[in-house]
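Hello,

Here is the structure we talked about handing over. My notes follow below it.

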Amino acid sequence: MLFPETIYEKDLPADTGDRKLVISIAPERCDAAVWSDGIPGSLRIVSTTKITLDQTGQWTGFEDFLYDNPGLLAPMSQTTVMIATDDIVMVPKAINRDNASRLLYKTALSCDIPVTSRYIETWHECCDISVGLLLPSKLHRFITRSFQPVNIRWYASAIAEYWKHMLTTVQSNATKRLQAIAVVSASLQLTLVVLDSNGNMVAAISRKGTSHSDLSYHILSLLASLTASISDDVNLSVFGVSQEITAIKQELSGWIDARLYTYISGKSSIIDPAQLHLIAPELITAIETA
């Protein structure tokens, strides 16, 4: 069963040394996927929309989600938690951590965040850059207490690393200078990643919209800041719910032709489950539609 309603430990492969877990946390949605490499059919996915996460440090629903799915708290060889947040900074790896930390607090998009013990910074590397996240300290403590070992990452960096994998080992048709990947959630949260043809990070943003027009604007705004000729320089792939991404494609048609991928439960995956630790769980059911 690909999409069980609840995951218990009895549903998981017996070899705890081979279990892998990935969880993505967004303001209005949480997804979890667990599987074992080399065991066909071991993939299990559960989701909830009963979650809130805001930049004041308030969050609800995540703890209940885990307790409703006790198998997610079973021993794992690898756990990755991906968080969709605007409170990030991307810096060259050459910048020392003290300076990078100051930049994180200064440039986090919720710029009114005070430097207090209510927040904890966490860092990881992605596509040859360093990415810092500013998390509510109680959320950080709950994650690190619940999962050991755990790797906390920004949602967009996971998309960037997966697409770099696709560019460098799978796809050979990167004919343009820039590769843009836009992921649109059902709640109209946009994550946009831009890589060069070698898979190096060029830019990434996360934005919340109220309509597909908002998201189209954010996509065009970022791409226009990177090149004077979007259609000549950029390959754009858009993942999301069919109705929304089709509307986005139409609005972008005067500037760029987007390749669309929509989510259809039960269809063949374009993503190897062994790569799930690099990408958001909902993308495993994405198939190309245009």
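Residues are numbered from 1 along each chain as its sequence is written, and side-chain values use heavy atoms, with hydrogens and water left out.

The protein chain averages a pLDDT of 81, and 82% of the residues score at least 70. Residues 272-278 fall below 50. That stretch still has 18 contacts in the model beyond near neighbours in sequence (contact means heavy atoms within 4.5 Å). Where pLDDT is low, the predicted coordinates should not be read in detail.

Now the sheet. Three strands form an open sheet in the order β7-β9-β8, with antiparallel pairing (two strands pair if DSSP finds at least two bridges between them). β7 (88-92) and β8 (119-126) are the edge strands; each has a single partner, so one side of each lacks a neighbour in the sheet. The twist averages 25° from one strand to the next. Eight bridges join β8 to strand β9 (residues 129-136). His124 sits opposite Val131 in β9. Helix α3 (residues 137-146) packs on the sheet and touches β8 and β9. Its direction makes about 105° with that of β9 (axes are lines fitted to C-alpha atoms, for helices over the stretch in contact, and angles run from 0 to 180 degrees between N-to-C directions).

Strand β11 (residues 178-184) runs antiparallel to β12, joined by seven bridges. Gln179 stands opposite Leu195 in β12. The two strands form a hairpin with four residues between them, and Leu188 in the turn has a positive phi of about 65°. β12 also pairs antiparallel with strand β13 (residues 201-208), again over seven bridges. There, Gln189 has Lys208 as its bridge partner. This hairpin too has four residues between the strands, and Gly199 takes a positive phi near 90°. Strand β12 (residues 189-196) is mostly covered, with seven of its eight residues buried (under 20% relative accessible area; exposed is over 50%, partly exposed in between; 1.4 Å probe, protein chains only).

There are three aromatic pairs (rings of Phe, Tyr and Trp, its six-membered ring, with centres within 6.5 Å; planes under 30 degrees apart are stacked, over 60 edge-to-face, the rest tilted). Trp163 and Phe239 are edge-to-face, at 5.8 Å centre to centre and 85° between the planes. Trp163 is in helix α4 (residues 155-170) and Phe239 in strand β14 (residues 234-240), so the pair ties together parts 76 residues apart in sequence. Phe239 and Tyr261 are stacked, at 4.6 Å and 10°. Tyr261 belongs to strand β15 (residues 258-263), 22 residues from Phe239. Trp163 is buried at 5% relative accessibility, and Phe239 at 1%.

Last, the cysteines. The structure holds zero disulfides (pairs of cysteine sulfur atoms within 2.5 Å). The closest cysteine sulfur to that of Cys127 is in Cys126, at 3.7 Å, too far for a bond. Cys127 is buried at 7%, and Cys30 at 0%.

Best wishes

How values were computed. This is a predicted model: local features need pLDDT of at least 70, side-chain atom pairs count only at pLDDT 80 or more; totals for chains, interfaces and linings use all residues. pLDDT is the predictor's confidence in each residue, from 0 to 100.
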